[in-house]
Structure formats: structure tokens, C-alpha cells
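Subject: Handover of a structure and notes on it

Dear colleague,

Please find the structure below, handed over for your own reading. My notes on it follow, and I would ask you to keep the structure open beside them.

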Amino acid sequence: MAAGVGLSSADVRLQGRAPGRTRRRSPYPTWFFLPAAVIYGALFLLPTVASLWFSLTRWTLFEAEFIGFENFRQFFREPFLVQGVVNTLIYGALTSGLKTVLGLLLAVLLTGNILFRGTLRTLVFFPVLVSTIGVGFAFEAMMHPTKGVINVALEAVGIDGPGWITNPSLALVSVALVDVWKGVGLATVIFMAGIVSIPADYYEAARIDGATRWQLFWRVTVPLVRPATVTVVTLSLIGGLRYFELIWAMTGGGPGFSSDVIASVIYKQYQAGFYGLATAGNVILFGIIALVVLPLTWWFNRREVDL
Amino acid sequence: MTAMSARRPRRRPTKWRPIVTGALAMAVAFVVFVVPFLFIALQAVKNRRDASRLNFAWPSEWQAWQNFRDVISERNYMLLLAYFNSTVITVGAVALLIVLAAMVGYVLQRRRSRLNGIVMALVLAGLMIPPAVVPTIWVLQGLGLFKTIHGMILIQVAYGLSFSVLLYRAFIATIPKELDEAAIIDGAKPLQVFFRVILPLLRPVTVTLIVVQSIAIFNDFTNPLYYLPGRENVTVQLTLYNFQSQFSSQMNLLFMNVLLVTIPPLIVFIFFNRQIVAGMTAGAVKG
Amino acid sequence: MTRMIPSAALAAALSTLASGAFAQEASLVYLVDNSPDTVAVAEALAAAYMEQHPEVSIEVEQRPGGAEGDNIIKTRLATGEMADVFLYNAGSLFQALNPTQTLEPLDDLPAMTGVLDGFKPVVTGSDGKVYGVPAQAAMGGGILYNIPIYEELGLSVPTTWEEFAANNEKIKAAGRVPVAQTYGETWTSQLFMLADYFNVQAEVPDFAERYTANQAKYADTPAAMRGFEHLQEGFDKGWWNEDFGAATYDDGLRMVAEGEAAHYPMLTFSIGAIQQTYPESLENVGFFAQPGPEGAPNGLTVWYLSAIYVPKGGEHTDIAKDFVNFAGSPEACQVILDTIGATGPFLIEGCELPADVPRAVADMLPYFEGEGRTAPALEFLSPIKGPALEQITVEVGSGIRSAAEAAALYDQDVVKQAQQLGLEGW
């Protein structure tokens with residue numbers, strides 16, 4: 001068991017194999033993927049692949065009749081599809097944009113040297129704790145057009161508040177703002193983790209060079225916090241395009257169809273029992289998300305190599 | 001690098017600045033983040049008639065205790081059973097998620113192979129594709145896991161993996177590769193490197209993930225609705241959902257319920273809050 | 001646990017011998033929607049049954065109502081995970097369950113002879129078998145009104161739409177809210193449209209048949225479009241309460257019970273809710289059928305809302321059927337009366353209403369007693385009901401869409417439903 005022997009034999013083994021030969025034992029074994037892959041494959045992948053078949057059928061859950069691409073044709077004929085697509089993009093862009101910008105600004109503020117820092121960190125994260133249903137209840141009540149706290153407060157200062165979630169042209173934006181309220185804490189925490197891992201000597205060097213606060217932010221913080229930015233943008237964009245729980249809890253896609261997004265259109269079809277149609281809708285939604293997110297991810301990764 | 005202090009050096013000339021910004025931020029945060037919670041809490045302690053007005057008026061009578069008792073005892077103490085079920089699901093799923101996702105993220109980041117593209121595609125697919133409910137139920141039935149707590153745990157793991165892997169992968173990139181190489185030269189096996197060297201260093205992300213995932217799983221209601229039917233399997237958010245119409249004319253009880261189901265995530269957060277900050281500064285020291 | 005089963009079985013066998021009757025130990029689950037009245041009745045029925053059959057235990061399980069509930073029912077039936085007994089809508093929603101494949105026919109139940117013939121078609125499958133037993137009293141869809149406002153302004157109950165509109169103008173002139181609308185819960189927006197069906201049928205007797213066969217449309221049948229027009233008229237003339245977009249069903253009941261609004265178009269099962277939530281105002285609420293055009297007969301659109309079913313392949317099908325048999329008996333009617341009071345005439349022979357029913361129920365009963373004064377709502381005559389109707393009626397009632405456009409849009413909406421059901425001619 002002499003250390004020297006062991007070491008030298010390892011050296012021999014290393015030299016004995018040509019570099020790039022596949023049978024070398026990697027310290028990063030692929031079987032690490034295995035346990036996750038089994039669960040993921042059985043409970044997510046398999047059902048998803050099975051559902052692809054059903055998107056080509058008229059499916060009542062009790063029987064499925066093959067109808068080719070009729071569901072996809074029907075889905076594109078949905079009267080509110082165009083509005084749904086537009087709403088989805090607005091909602092995704094608005095929520096992810098605001099979460100990223102506000103999250104970064106809050107993270108800078110909360111990693112800086114200010115009074116009440118600990119309390120503020122806690123407060124910002126607080127809404128993340130409440131369930132979507134709970135947030136929906138509270139804001140539906142507070143955004144009530146006549147009795148709601150928000151409009152009552154506005155009235156006190158002489159402003160006639162709008163019907164936040166009852167005005168068809170405002171409902172989607174109102175829900176998006178609540179979504180930002182609920183989700184910005186998470187973005188902030190991810191950004192904070194990114195900022196504190198920026199070595200302090202970078203700031204020190206920049207400061208010695210006479211950089212202003214503004215320059216420090218743009219020249220040091222923003223570029224170096226990039227991995228966190230990528231994470232926040234990707235996650236919140238996918239979330240904004242795909243999730244509709246808050247929309248569902250607050251407006252149900254209404255008034256009428258004015259705050260419907262693709263996901264809520266699909267959900268309504270699903271509830272109505274049009275299972276094949278809803279499955280086809282899911283395939284289309286996946287396509288749209290991939291169309292938006294994949295180029296973005298590719299672009300982010302390319303920039304990463306440049307750096 | 002390790003000698004560097006985690007905190008940025010203080011800047012001397014503008015002492016008033018942190019105080020003003022802090023106070024200003026506090027005022028804004030109070031309106032934006034505290035007022036909605038006060039609103040929920042206030043409705044929860046009112047009587048039924050006051051609560052139906054949904055305003056900030058002072059309650060004409062305080063009945064916090066009575067509302068609390070009414071909500072807890074509703075439907076034969078369903079809420080207590082729900083607390084138990086939700087806690088078991090959350091703890092089980094989060095523990096599995098942390099270990100499995102970190103393993104995937106670790107190898108995914110460290111090893112360059114053709115498999116990476118496929119794994120990344122699957123991870124993104126998991127984020128982007130909405131789950132197919134009915135086929136999933138068939139799989140669960142085939143495995144004998146439908147309507148069971150452990151089936152629910154595995155579902156939450158399957159659905160939470162993508163997010164966790166993505167986060168781990170991003171943060172493992174910040175851990176210098178020299179650290180695992182040193183351990184490997186010392187003769188550590190892959191599992192030992194992972195559990196002894198890497199996982200402890202991932203503490204900041206792990207804490208963040210524990211908080212985020214346990215809240216998400218605890219607050220989830222659509223998945224238990226489909227995969228865990230049955231009265232004895234009720235979860236916390238489902239009580240809220242079930243009580244919604246029952247309490248539709250009793251907003252005080254509805255908000256008391258909201259308040260009560262928010263408490264466990266709050267405890268998790270308070271418990272880990274200091275660790276998030278501590279963990280992040282620790283990460284900064286090493287990074 | 002496993003070791004205890006034989007002894008439990010033995011005990012059960014002994015008790016069977018002792019009582020001399022056939023008895024089987026079992027525990028059933030009865031799945032119902034989570035509205036307070038439904039849960040209260042379900043639990044009372046279960047308790048009454050268990051008292052007679054101590055060897056059986058019945059547990060009431062709740063599910064959400066509305067479209068979410070439809071989805072859960074279908075998912076659980078399709079995956080073979082349905083409760084032993086469940087409560088669900090009759091009519092078009094029942095047809096969507098594919099009853100001939102998923103449900104147990106109940107024709108042979110003794111109670112079935114007591115079920116009124118008028119009810120049976122709405123729970124009959126395509127094979128002609130009956131699959132459900134009525135779970136609640138018949139109800140009307142029409143207009144609840146606040147009696148003190150009517151007395152104060154000297155108004156009389158309208159029998160034509162013109163009189164109704166004139167009343168509304170007087171109420172508005174007096175500074176009161178003529179009609180409560182509550183789009184915070186979208187299903188409530190459909191009432192003006194759906195409750196108009198008696199009037200549609202009076203004018204176009206074969207509408208339902210031709211509608212199912214894809215020959216008649218809302219957009220090209222003026223009588224059918226009138227329901228949408230009523231909604232548009234209400235919005236255009238400013239009849240609604242100010243917060244109609246956010247108000248809830250409970251708000252609507254409070255408004256009409258406490259005199260904040262004069263009318264609330266609603267189904268009469270809401271009388272039970274008023275009784276529970278605003279008991280002091282119960283006698284201030286009256287009811288009339290939705291008035292039709294001048295010179296037409298005046299009658300009521302009737303809902304046979306829900307029934308009790310037994311799924312195929314359950315573990316205790318016989319006991320489940322026995323429980324359903326009990327739920328269809330006059331005894332069960334008495335249990336319902338004791339729990340939530342009278343909300344309308346029962347659909348089971350031998351069930352009598354007490355002499356003192358709430359005012360609104362008393363207003364409704366004459367329609368049932370007169371010949372030809374009721375018609376079922378369209379969803380009980382045709383399997384087709386579009387899923388987006390409640391959003392469309394919200395749009396019309398909110399002034400987002402005109403009645404004509406809405407009718408055309410709704411015609412488009414029902415196509416998917418008809419195709420899904422595999423109806424001919426679509």
C-alpha cells in the first residue's frame with residue numbers, strides 16, 4: 001500500500017492508453033445520469049411520447065379515432081388563436097423582462113451597503129412563499145373595480161382607478177404585474193448569488209481607475225453576472241410562455257377572451273373534453289416556446305464562448 | 001483570493017447615502033410587499049360580514065381564534081391531514097431532487113461528450129412541454145403508484161428535475177475544476193468526489209433550491225389534483241381549492257386558510273434565510 | 001392488518017346470520033361537487049343510509065365544480081378510478097361521459113318506477129337505458145326579484161320582455177340598480193341566454209331537433225338570438241350594477257336579497273343558498289320566469305341539473321346501486337327537505353313539498369302545475385353545448401361583442417363539441 005507504488009502504477013495506466021480512447025474510466029461517469037433518467041423517462045418522457053399519438057386522434061378518453069392532422073387544422077382555426085399567441089408573447093416578454101430588470105436592480109441594492117438590508121431581502125422574497133391560488137384571491141380582491149383597496153386608495157388622492165382585471169385591455173397587464181410581484185424575489189436571489197460571487201478586486205480595480213457607480217454597474221456587474229442573467233431570462237421566459245395558473249386564478253382568461261394565452265386556451269379545450277385537440281395544442285405550444293427559447297439559448301451560449 | 005473579505009470595503013465619504021436609500025427602499029417595499037400581506041391577515045381575523053367588504057377598515061370584532069378553529073376543524077380536521085401529506089411529499093421529493101439533479105448537473109457540466117446535447121435537449125424539453133396527464137396516470141397505474149404518496153413524490157421529482165439541473169449546471173461552472181482533480185489524484189472514487197467535495201461546495205445553490213422547490217411542491221395543486229385523488233390523500237393547496245366554494249361567502253375563513261397554508265413555507269424560509277445569505281457569501285469567498 | 005381480515009369477515013358473517021338478512025360489509029365513497037348545499041345533502045343521505053345499514057360505511061369525497069370538475073370526472077372514469085357512487089350533471093354533460101361504456105344501467109332499480117318520466121330522458125344513454133337517479137329537486141331558470149323594491153315603486157311582475165324593460169327603466173329612474181350581473185363567476189352570465197329557451201321553443205318548436213342535426217343555428221334563428229340581444233340591451237341601457245365585471249354569485253344573491261338590486265337572473269337552486277346565507281331576507285325574494293315577447297305564452301325554462309350514477313367495474317356495485325336506490329326514494333326527499341329545505345318540486349313520485357315553502361319557490365310552483373308552462377333547457381334536449389358560452393355571454397353583457405356576432409361565434413364554438421360526440425351531419 002505504499003503511496004509511491006500506487007501513484008506510479010496509475011501513471012503507467014495513463015500512459016498505456018492513447019488519449020481519446022473511449023474505454024478510459026472518466027471521473028465523471030455517465031451513470032450519474034441514470035437514476036434521474038429512469039424517473040424522468042418513465043413519468044415524463046414516456047407519457048409525452050404517448051400523447052403525440054393522441055394528438056392525431058379525436059380522443060374522448062374512452063376511445064380514440066385516428067383523424068390525421070385534423071386537430072392541428074382545428075387548432076389553427078380557433079377564433080382566438082391569434083389573440084392568444086399575441087397575449088402569450090406579451091405576457092412572456094413583460095414578465096421575464098420586468099423580472100430580469102427589477103431583479104438585477106434589487107439585487108444590486110440588496111448586496112450594497114444600505115440600511116435594513118436583511119429585512120428588505122426577506123420582504124422581497126416573501127411573495128414567493130404564497131401559493132398562486134392565495135395570491136390570486138388576494139389580488140382579485142384588491143383589484144376589485146369599486147371596493148378594491150387599490151382603487152379606494154387612488155380615489156382618496158382624486159384618481160379614478162381603472163377596472164384592473166375587468167377592463168379587457170388592461171386585464172392581461174394587471175395579471176402580468178402580479179406575476180412580477182410574485183416572482184421577482186426569486187430572480188433577485190439568483191442575481192444576488194451571482195453578484196456576491198464577483199470577486200471584489202474587480203470593483204476595487206475599476207474604482208481605482210476612477211469609475212463612477214454607473215460605470216461600475218454597466219462595466220463590471222452586468223457583464224460578470226451573465227450566468228445569472230441567462231438563468232433568470234431563460235427560466236422566467238419559459239415560465240411566462242407556459243404557465244397560466246395565475247391568469248387562471250385571477251381572470252380565467254377573461255373578461256371574455258381578452259386575457260387568454262395559448263396555455264389557457266388549451267386548458268379550456270382540455271376541460272371541455274377535447275383531449276386530442278388539447279394534446280395537439282400542447283405540441284403547438286411546445287413549438288412556439290422552442291421557437292422563442294432555443295435561438296435565445298443558442299445566442300447566449302455563443303456569447304459564453306466569446307467571453 | 002481566499003483571503004479576500006466577502007464584503008466590499010466600505011466607502012467613507014457618503015455616510016448618509018445607505019441610510020436614505022435604505023429608508024426609501026423600506027417605504028416602497030412596505031407598500032408593495034407588506035400591504036398585501038396585511039390585507040390577507042386583516043381579512044383573516046374579521047367576522048364574516050366585515051370580511052365580505054374586503055377593505056382595510058378596522059374589524060368591528062376580532063375573531064382570529066374562532067376563524068382559526070373553524071378552518072382547522074372543517075371537514076373533520078382535513079387541514080391537519082393535509083399538512084402531514086404535503087410535508088411528506090415535499091421532504092421526500094426535495095431530498096431526491098437535490099441529489100439526482102446535482103449528479104446530472106455535475107457530469108453535464110464537467111464532461112464534454114456527445115450525450116450532453118441530448119441531455120440538455122431533454123432538460124429544456126422538461127421545462128417547455130406541459131405534462132400529458134392521462135398517459136401519466138396509465139404509467140402510474142401500471143407501476144402500482146397511482147394514488148400513492150410515493151408515486152406523487154416521483155412525479156414531483158420528474159417535473160422538478162429540469163429546473164434543478166439547469167440551476168446546478170450553471171453554478172457548478174463556478175467551482176474550479178482543479179478541486180475535483182486534486183481529489184481524484186488523491187484516489188477518490190467518482191461518488192466520493194461528488195459527495196465529499198462537490199456537494200458541500202454547492203451549498204448556496206442547494207439551499208436556494210431547497211427553498212424554491214419545497215415551496216413549489218408544497219404549493220402545487222394541479223398535480224395532486226390529478227395524480228393523488230382520494231380524501232385520505234388530500235394536500236394543503238387542495239384544501240384551499242376545496243374550501244374555495246365552501247367559503248365563498250365567508251372570505252374571513254378563506255383568507256385564514258390562505259394564511260395558515262402559507263405558514264409552513266414561511267418556516268422553511270425563515271430557517272434557511274440566514275443560510276442563503278451565509279451560503280452566498282461563502283460562495284463568494286471561494287469563487 | 002392482513003391477519004385481521006378473516007376475523008372481521010367472520011364477525012360480519014356472524015352478524016349476517018344473527019340478523020337473518022343479507023348484509024355485506026363494505027365501505028363506499030360517494031363523490032360530489034363541493035358546493036355547500038350539495039355536500040350537506042350528500043352527508044345527510046349517507047348518514048341516513050348508514051343508520052339503516054350499519055354494516056356499510058359511506059364516505060363523501062368532494063371535487064371542484066365547473067369545468068375543472070367535468071375534467072376530473074372524465075379522467076377518473078377513463079382511468080377506472082371513479083368512486084363507487086358519484087353525482088354529476090344530467091343532459092349534455094352526462095352524454096359526454098360515454099355512459100353506455102362507463103356507467104351501470106339502473107333500469108332495474110325498484111326506485112326507478114318512482115322517478116318521473118319527464119326526468120328519465122336526460123339520463124338515458126344512446127342504448128335507451130337509464131343511468132341516473134335524480135339528485136335534487138327540479139329547478140327553474142328565471143329571474144329572482146326583490147319584493148320590497150317592487151312594492152315601493154308599485155311595480156307588477158312582468159309577463160312580457162317589454163314590461164320587464166319598462167320596470168327596469170322605472171327602477172333605474174328611482175336611482176336603484178335594475179339588474180345584478182356577476183361576471184366574477186362567469187357561469188352566471190349565461191342565464192339571460194339559457195333561461196330564454198322556453199320562449200325559443202314556443203316560437204320554434206323543433207329548434208332542439210334541428211339544432212342537433214346541424215340544421216338550425218343561433219345566428220339565423222331570430223327567436224334563439226333574442227337571449228344574446230337581451231344581454232346586449234341590458235348593457236346598452238345601463239341596467240347592471242357598477243361592479244358587474246368583478247361581482248360574484250354570492251354578491252348577486254346578497255344584492256337581490258338585501259335590495260341593492262331589483263333583479264338577479266339565476267337558477268332557483270340559489271334559494272337554498274339565500275336560505276343559508278341571508279335567512280332574514282328570504283321572504284323578500286320572489287321569482288318569475290324570463291318573460292318572452294308580446295303575445296307569446298308565458299312559461300318557465302326548467303333544469304334537471306344533476307343525477308347520481310354508478311360507474312362500471314366498481315368493487316361494490318350492488319351496494320352502490322342499493323344506495324342509489326335509497327337516494328331515489330321518498331325517504332331521501334325528506335332527508336333533503338330536512339337539510340336544505342324546499343327549493344322546487346321533487347322528481348320522485350310520493351315526495352311532497354311542505355305547506356310553507358320559501359316565497360320564491362311558491363312563485364315557481366304554478367308553472368309546474370299548469371299544462372305546457374315549462375320547457376327543459378336546451379342542454380337537456382340536445383347533447384350539444386359549446387364550452388365557450390360563458391365567455392361569450394360575458395363579452396355581450398360587458399359590451400365587448402354585439403349579440404349578432406356572439407351568436408355566430410357560439411355557432412362556431414359548438415362544432416367541436418358535436419364532432420367530438422360523433423354526431424351525424426357535422
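I begin with the contact between chains B and A, in which 82 residues of chain B meet 69 residues of chain A; two residues are in contact if their C-beta atoms, placed from the backbone, lie within 7 Å. Helix 1 of chain B (residues 16-45) gives the largest share of the side of chain B that touches chain A, namely 14 residues. Helices (H or I, at least four residues) and strands (E, at least two) are DSSP runs, numbered from the N terminus. The side of chain B that touches chain A consists of 62 nonpolar, 14 polar and six charged residues. In this classification Ala, Val, Leu, Ile, Met, Phe, Trp, Tyr, Cys and Pro count as nonpolar, Asp, Glu, Lys and Arg as charged, and the others, Gly among them, as polar.

Please note that this is a predicted model, in which local features need pLDDT of at least 70, side-chain atom pairs count only at pLDDT 80 or more, and totals for chains, interfaces and linings use all residues. Residues are numbered from 1 along each chain as its sequence is written, while chains are lettered from A and ligands numbered from 1 in the order in which they are written.

Chain C also touches chain A, with 29 residues from chain C and 24 residues from chain A. On the side of chain C, at least two residues each come from helix 3 (66-78), helix 5 (99-102), helix 17 (389-397) and helix 18 (403-421). Helix 3 of chain C makes the largest contribution to that side, with seven residues. By class, the side of chain C that touches chain A holds nine nonpolar, 12 polar and eight charged residues.

Next, the chains themselves. Chain B has 12 helices and zero strands. Of its 287 residues, 47% are buried; a residue is buried if 20 or more other C-beta atoms lie within 10 Å of its own, exposed if 12 or fewer, and partly exposed in between, with C-beta atoms placed from the backbone. Among the contacts in chain B with a separation of 6 or more, 75% join residues 24 or more positions apart.

Chain A has 14 helices and two strands. Its radius of gyration is 26 Å, well over the 19 Å that the globule rule gives for 307 residues, so chain A is more spread out than a compact globule. That radius is taken over C-alpha atoms, and the globule rule is 2.2 Å times the number of residues to the power 0.38. The C-alpha trace of chain A spans about 80 × 65 × 35 Å along its principal axes. Buried residues account for 48% of the 307 residues in chain A.

How far may chain A be trusted? Its mean pLDDT is 84, and 90% of its residues reach 70 or more; pLDDT is the predictor's confidence in each residue, from 0 to 100. Where pLDDT is low, the predicted coordinates should not be read in detail.

Let us return to helix 3 of chain C. At 1.5 Å a residue its 13 residues should span 18 Å, and its end C-alpha atoms are 19 Å apart, which agrees; the expected span is 1.5 Å times one less than the number of residues. Its buried residues include C:I73, C:L77 and C:A78. After this helix comes C:G80, with a positive phi near 70 degrees.

Finally, some backbone details. Most residues other than glycine have a negative phi, and most peptide bonds are trans. C:N98 has a positive phi near 60 degrees and lies in the loop between helix 4 (92-95) and helix 5 of chain C. C:N98 is buried, with 20 other C-beta atoms within 10 Å. C:N214 likewise has a positive phi, near 65 degrees, but is partly exposed, with 16 C-beta neighbours inside 10 Å. A:P255 sits in the loop between helix 12 (245-250) and helix 13 (262-271) of chain A.

Yours sincerely
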